[in-house]
Amino acid sequence: ASALEIIQKAPGIIIDRDDNISVKGRTGVVVMIDGKPTQLSAADLGGMLRNMNATTIAQIEVITSPSAKYEAAGNSGIINIKTRKIKNAGFNGSFTAGTGYAKDALYNSGLNLNYQKGKFNFFGNYNYGRTNQFLGIGVNRTVVHNEQATLFDQYGETTGLNDNSSWK
């Protein structure tokens, strides 16, 4: 699963099709990663979260009524994503991959590397994801005016390719 899928399952959080996040119906939510606010547009943030593998997440905090500590961040709500920190000494890492199929194939992968010696810890991660989105809308409507019926039958499709990568 991706970070976006995990956040969508949290109670009170709604993500619309344009990747705008609302908490308890309030928009303008600040998304933080490891306590630092992201300065991304809704589309870029959605791409990054869609791309971030769920295994890199240790905890997700949803703050619906931010305290004075977060006053500059706004009061609509805060989502803080805490990433996993590898605590083993030496060099270690992990690789994750996932795939799925809806109308088209989708997949994601991630690489986490860590080197720790004494007080020093160097780490990095890279995530990549690719999804094809499809939206089909059908409208059938009958309008009756002066005993005459007019039938409207419409159908539209929208597709989009999301090709995202992120690193830290």
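Start by selecting Ser67: this residue is partly exposed, with a relative accessible area of 42%. Here buried means under 20% relative accessible area, exposed over 50%, and partly exposed in between, using a 1.4 Å probe and protein chains only. Ser67 lies in the loop between β5 (57–63) and β6 (78–83). Helices (H or I, at least four residues) and strands (E, at least two) are DSSP runs, numbered from the N terminus.

Before moving on, note that this is a predicted model, in which local features need pLDDT of at least 70, side-chain atom pairs count only at pLDDT 80 or more, and totals for chains, interfaces and linings use all residues. Residues are numbered from 1 along each chain as its sequence is written, and side-chain values use heavy atoms, leaving out hydrogens and water.

Ser67 and Val144 are 77 residues apart along the chain, and their C-alpha atoms are separated by 55 Å.

Zoom out to see the whole chain. The C-alpha trace spans about 85 × 40 × 25 Å along its principal axes. The radius of gyration of the protein chain is 21 Å, while a compact globule of 168 residues would have one near 15 Å; this radius is taken over C-alpha atoms, and the globule rule is 2.2 Å times the number of residues to the power 0.38. Colour by secondary structure and you will find 2 helices and 10 strands, in the sequence pattern α-β-β-β-β-α-β-β-β-β-β-β. Buried residues make up 31% of the 168 residues.

Next, select strand β6. How many of the 6 residues of β6 are buried? The count is 5, so β6 is largely enclosed by the rest of the structure. Two strands pair if DSSP finds at least two bridges between them.

Look at each side of β6 in turn:

- Strand β3 (residues 30–33) pairs with β6 in the parallel sense over 4 bridges. Val30 has Ile78 as its bridge partner in β6, and Met32 stands opposite Asn80.
- β5 and β6 run antiparallel, joined by 6 bridges. Ile57 stands opposite Thr83 in β6.

For the next stop, select Tyr107 and Tyr128. Rings of Phe, Tyr and Trp (its six-membered ring) pair if their centres lie within 6.5 Å; planes under 30 degrees apart count as stacked, over 60 as edge-to-face and the rest as tilted. By this rule there is 1 aromatic pair. The ring centres of Tyr107 and Tyr128 are 6.3 Å apart and the planes stand at 40 degrees, so the pair is tilted. It links distant parts of the chain, with Tyr107 in strand β8 (residues 105–117) and Tyr128 in strand β9 (residues 120–145), 21 residues apart. Tyr107 is partly exposed, with a relative accessible area of 38%.

Finish with Arg141 and Phe152. The charged end of Arg141 sits over the ring of Phe152, 5.1 Å from its centre; this requires NZ of Lys or CZ of Arg within 6 Å of the ring centre and within 35 degrees of the ring normal.
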